[in-house]
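The structure is shown first, and the details follow.

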Protein chains: 2
Amino acid sequence: MSTEQRREQLVQLGLDVFGHHAYDEVSVEQLARQAGASAGLLYHYFPSKKAYYLAVMRVAVDQIYSATTAPPNTAAEDALRLGVDAYLAHAAAHPMGFLTAHRGALAIDPDVQRLSTRAQQRQADRILILLGLPRDRTTAAHAAVVGWTAMVREATANWLLTAHPSRDAVSRLLVGALQGALAATH
Amino acid sequence: MSTEQRREQLVQLGLDVFGHHAYDEVSVEQLARQAGASAGLLYHYFPSKKAYYLAVMRVAVDQIYSATTAPPNTAAEDALRLGVDAYLAHAAAHPMGFLTAHRGALAIDPDVQRLSTRAQQRQADRILILLGLPRDRTTAAHAAVVGWTAMVREATANWLLTAHPSRDAVSRLLVGALQGALAATH
């Protein structure tokens, strides 16, 4: 296996490990063991636990973006609904990974925040394009979409923590919130 | 002046100082000077800069709650609109205080988060009561209201940082978001 392939494999294994374990509760030794490697090997590819986490988070962010992309020619409202539902499904499949990125100490790490903010901005831009709205950061529609992404994160985190209400109910209320916010900007 | 009165006066002055200065950029000496006291006196009342900040934040949270309370017999929709507008007005009058509590390093301090969460929960409960909905944490309406409070914070922080769109536009899109979310829970 090439160095690049081995690194990629460790990142893929990290998606599973960080997805299901609280960041602070898992040591580099455990990470290595669960990834079928030694701590030394892990340090060979990633200088620190945080560097490993960030490499994994970068891939997770791309996975979420892909998973929340509707097929071409999907109607805007359906695309939104599918996107929110795929987002919730991804969070449910990696609950601790979601909570690490959005709650707790690491969530305010500047590197983690930079990744989060970029992901949020990319999603917001895509929604504006989907809805045929300008990507102008001074508009009420932009404020609505960006503000709404925070509601999505909060509602998703609470849903993961409490298991209430149903995923379908969370999905519907989130779509309704964005529609209500945008309707109020006209 | 009694000890209690002097402490109260320092807290009131702190509302102004923390409201207009980034937490990390103001020293205890500056805080004391701006509050018309010595650093020694400040330490007499508050064991640390953070303790002073928390005392000030506790009062700010109560101020916001009062400011966002509509007069009795206000219709629910008007009360919501007035509440959101008063919230934005309070944030605009204490921009750095708002950003300290909700962005940056101190925002994840456990004591600060406890105060924020309690304030958020209190506002959510009030909104549920206002709308005649049960205060049941397993319902979609509860998830909608709590998720929405995160959108309010995010949209308010962005509005303070970018000055776009107008306060009225932010207020309208926030009210629209909650109405849209709740409509989707029926």
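## Charges over rings

In this predicted model, R122(B) lies over the face of Y65(B), at a distance of 3.6 Å from the ring centre. In chain A, the ring of Y65(A) has the charged end of R126(A) sitting over it, 3.9 Å from the ring centre.

## Aromatic pairs

Over all chains, a search of the whole structure finds 14 aromatic pairs. One of them joins F18(A) and Y53(A), whose ring centres are 5.2 Å apart and whose planes meet at 85°, so the pair is edge-to-face, given that planes over 60 degrees apart are classed in this way. Because F18(A) belongs to helix α1 (residues 3-20) of chain A and Y53(A) to helix α4 (residues 49-67) of chain A, the pair ties together parts that are 35 residues apart in sequence. F18(A) is buried, with a relative accessible area of 3%, and Y53(A), at 4% relative accessibility, counts as buried as well.

In chain B, Y45(B) and F46(B) form an aromatic pair that is tilted, with 6.5 Å from centre to centre and 45° between the planes. Y45(B) counts as buried at 16% relative accessibility, since the cut-off for that class is under 20%, and F46(B) counts as buried at 2%.

## A ring cluster in chain A

Which residues do ring pairs link into a cluster? The cluster is made up of F18(A), Y23(A), Y45(A), F46(A), Y52(A) and Y53(A), and F18(A) and Y53(A) are the partners in the edge-to-face pair described above.

Conventions
Residues are numbered from 1 along each chain as its sequence is written. Chains are lettered from A and ligands numbered from 1 in the order in which they are written. This is a predicted model: local features need pLDDT of at least 70, side-chain atom pairs count only at pLDDT 80 or more; totals for chains, interfaces and linings use all residues. Side-chain values use heavy atoms; hydrogens and water are left out. Rings of Phe, Tyr and Trp (its six-membered ring) pair if their centres lie within 6.5 Å; planes under 30 degrees apart count as stacked, over 60 as edge-to-face and the rest as tilted. Helices (H or I, at least four residues) and strands (E, at least two) are DSSP runs, numbered from the N terminus. Buried means under 20% relative accessible area, exposed over 50%, partly exposed in between (1.4 Å probe, protein chains only). A charge sits over a ring if NZ of Lys or CZ of Arg is within 6 Å of the ring centre and within 35 degrees of the ring normal.
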